[in-house]
Amino acid sequence: MLRRLRQALAKYWARWLLALALTGVAASQVVGLLPGESVGRLDLFFYDLRMRVVKAELDPRIVIVDIDERSIAELGRWPWSRDVVAQLVKQMTQNYQAASVGFDVVFAEPDTSSGYSRLEQLAKGELKDVPQFARQLQSLKPEMDYDARLAEALVGQPVVMGYNLSNEANAIAKGQLPPPAFTVADLGGRRLDVTHWRAYGANLPQLQQAARSGGFFNPLPDDDGLIRTVPLVAQVGDNFYESLALATARVALNGKRIKPVFLKNDAVLSDEQLRDYGALDSIAVDVKPDPLFIPVERHLTTLVTYRGHGGPAGGAFRYVPAVDVIRGTYPHDKLDGRIMLVGTTVPGLNDLRATPVSPVYPGVEVHANLIASIIDGDFKARPEFAVGFDLIQVLTVGLLLGLLLPLLGPLWSIVLTLASAFGIGAFNFWLYNAGGLVLPLATALLLIAALFISNLGWGYLFEYRNRKAIVNLFGEYVAPELVAEMAANPASYNMEGEIRELTVMFSDVRGFTSISESLPPNELREYINAYLTAMSEDIRNDRGTLDKYIGDAVMAFWGAPLEVPDHAARAVATALRMQQTTLLLNEEFAKRNWPPLKIGVGLNTGQMRVGDMGSKIRKAYTVMGDAVNLSSRLESITKVYGVGVLVGNATCEAAPQFAYRELDRVRVKGKNEPVPIYEPLALETELDAGLRAEVDQWHAALATLRAQRWDEAEQAIIALRENQARGLYDLYLERISRYRSDPPPADWDGVTTFETK
């Protein structure tokens, strides 16, 4: 028992140390001691998955004014003339009273579609001497200068003009930027971790000057090309500019300006360190009654919370055809007072982006999602404690699963692994959904998988070896199905010696010498093989352990190595079945003119030593002890009493479900104490009524004989023999005759002593 416990503890600690090693590797990856590019990509996958599983709900506050295919078909190819855009602006701002309008397009080139510029050239050239032409042209200017018409429509309206920033080598500054949100001088010597840009493609000066504000619409794709973050502020020269989404949201909220909010000195960092570090906490939007604070990440970016899968069918934002807005036919109740973003979903206009929720996501809707987050103050952010959280998560998972998985079987290991993965995944999603926290998940899940696989690997590589050893050790002794059962828990079985209560059997062929003399060698081999095979199958089929063949004898036992609580009953049932099998074999033997087979079986139950015994040269898994010797003696004397099976008193008491005939009390060679011996007949429930009456009469006759009432006993046994001839009855009639002539002593206890084995 102690050895088993030591073996189990050794295996447990080996698995625990393996779990600690895997946990240490995971923790090292979390803190950056090991490369984590693949883990980072997996975390991005889980980040994307979170947004894909959230069902989109329509946000009525933000509307996409879509330059769609229908609008282009009815109003002409894009870009439209500025007078059409001016009509669009007037309708959005005056007719539909937009809270703000953001243009996800840029007007960098003058509009010459009216021909006014050509007429101006004529007035200054070929027709300069025609004053009437110049005067007439001046009167037409308000109608034909489309850029001026658009600028007029922009004046005093909450319109934000979009523009593009660039760092390409051949890029040049074009157009006019809006006034900066703040400058380097406003930072008081602090440095900001922000994206820097060399050039820009902005709107015409007259348009930008007429608009309320402007904003850049550059995203920052990740290494995989997907847009997950958008910069809120970018730096060009010494000036800092706000993004289109931030500017549009600020105008809608009547915010005057934005400003950076730095971390306060909390005695952890000095003022100089704060200045050098550029420790920005958030971006503040100056709105009433309280400022709105937007958390920022590296490079003054923020994560985009995508709602829906994008486009008119995405379900997150209402798409309104631009042509319906220009004509004023769109219902006012669905458009009045909204934040409007002008963009396009036409593939040929190249404003489709790759995002976590769709590979063809309208770029204008990226801004819409960010505006919704700004208005609601609902941002997803990677907190500064993300690494600490991940480290605690990994250590907790590693230690708990490392402790529990080695204790569990395969099914419960799977259940625990799936429950752990689901638990931390659900908790991570809850923190994302309810708290806006984007926390790492991949390392913990990979660790769970590694711990599970390592335990499976251990079971395969090590436990399989143990199971194979069990098969090799016990395969020749017990039935295959019992070996499989033992192999399921190999640590519980070994061949070391131990004391157990078992039931042991000896079986032998009666008259084998004469049988061997009557058969040719080959036929004798077939004869004995058929007998041993049939007997062995009976033994194994009832969970018996086949010990050995001793010539024509068979030795077996029940209760080891596999514990069998009803070992005695199974042994008795097997002995009776072997007698029936003998009858079936004799039918086959008769067909081959072979002599009939008759066997004697002795059974005894008791404490005995079982285990691997023998010499250094050869060992065998067997049993030893007085109880074993008695079983062998009982088998020897079956022929004396003319019965097929004899069992000791301990077996009779351990298997009370059978009916027995008591035969005698005997003192076998090597034992001083007498023991009662019995012949098992059948299950109590299956015993024939006639046989039961015969057994009762026999027991009465036996009691009379032990009382030394010879005549009465003789008459009773003669009466039994007349109904059923048995060698047992002849044996006792001979004993009565001998007792008459040579009476036993006065203290005779009815015991028969055997001097031979």
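Below is a chat about a predicted model of a protein, going from its overall make-up to single residues.

User: New to this one. How many helices and strands does the protein have?

Analyst: The secondary structure comes to 25 helices and 27 strands. Keep in mind that this is a predicted model.

User: And what share of the residues is buried?

Analyst: Buried residues make up 50% of the 757 residues in the protein.

User: Okay, sheets. In what order do the strands of the open sheet with β4 and β5 come?

Analyst: The order is β4-β10-β9-β5, four strands with mixed pairing. β4 (182–183) and β5 (195–197) each have a single partner strand, so they stand at the edges and one side of each has no neighbour in the sheet.

User: How do β9 and β10 pair?

Analyst: They're antiparallel, with four bridges between β9 (residues 233–236) and β10 (residues 239–242). To find the spot on screen, look at Q235, which stands opposite F240 in β10.

User: What strand is joined to β15 by four bridges?

Analyst: That's β1 (residues 62–66), and the two run parallel. Within that pairing, I64 has Y319 as its bridge partner in β15.

User: Salt bridges next. How many are there?

Analyst: The count comes to 31 salt bridges. One of them joins the side chains of D324 and R70, at 2.8 Å from N to O. D324 sits in helix α11 (residues 322–327) and R70 in helix α3 (residues 69–75), so this pair links distant parts of the chain, 254 residues apart.

User: Where do R706 and E662 lie?

Analyst: Their side chains meet in a salt bridge too, at 3.1 Å from N to O. R706 lies in helix α23 (residues 689–706) and E662 in strand β25 (residues 658–667), so the pair ties together parts 44 residues apart in sequence. E662 is buried, with a relative accessible area of 16%.

User: And what do R709 and E712 do?

Analyst: Their side chains also meet in a salt bridge, 2.9 Å from N to O. R709 is partly exposed, with a relative accessible area of 41%, and E712 is partly exposed as well, with 42%.

User: Which residues are linked in a network of salt bridges?

Analyst: D48, D222, D224 and R228 are linked that way.

User: Back to the surface. Which residues form the nonpolar patch?

Analyst: L403, L404, L407, L408, L411, W412 and V415 do, with about 680 Å² of accessible area together. Helices α13 (386–404) and α14 (410–435) each supply at least two residues of the patch. α14 gives the most, with three.

User: Is L411 exposed or buried?

Analyst: L411 counts as exposed, because its relative accessibility is 60% and exposed means over 50%. L411 is placed in helix α14.

User: Now helix α19: how far apart are its end C-alpha atoms?

Analyst: They're 36 Å apart. The 25 residues of α19 (residues 567–591) should span 36 Å at 1.5 Å a residue, so the two values agree. Just after α19, N593 takes a positive phi of about 60 degrees.

User: Last one: where does P291 lie?

Analyst: P291 lies in the loop between β12 (280–285) and β13 (292–295). P291 is partly exposed, at 41% relative accessibility. The C-alpha atoms of P291 and I258 are separated by 9.4 Å, and these two residues are 33 residues apart along the chain.

How values were computed: Residues numbered from 1 in each chain as written. Predicted model: local features only at pLDDT ≥ 70, side-chain atom pairs only at ≥ 80, totals over all residues. Heavy atoms only, no water. Pairing = 2+ DSSP bridges. Patch = residues over 30% accessible without salt bridge, like charges linked within 9 Å, V, L, I, M, F, W, Y side chains within 5 Å. Areas by Shrake-Rupley, 256 points an atom, 1.4 Å probe, with all protein chains shown as cover. Salt bridge = Lys/Arg side-chain N within 4 Å of Asp/Glu carboxyl O. Buried < 20%, exposed > 50% of the residue type's maximum accessible area, 1.4 Å probe, protein only. Expected span 1.5 Å × (residues − 1).
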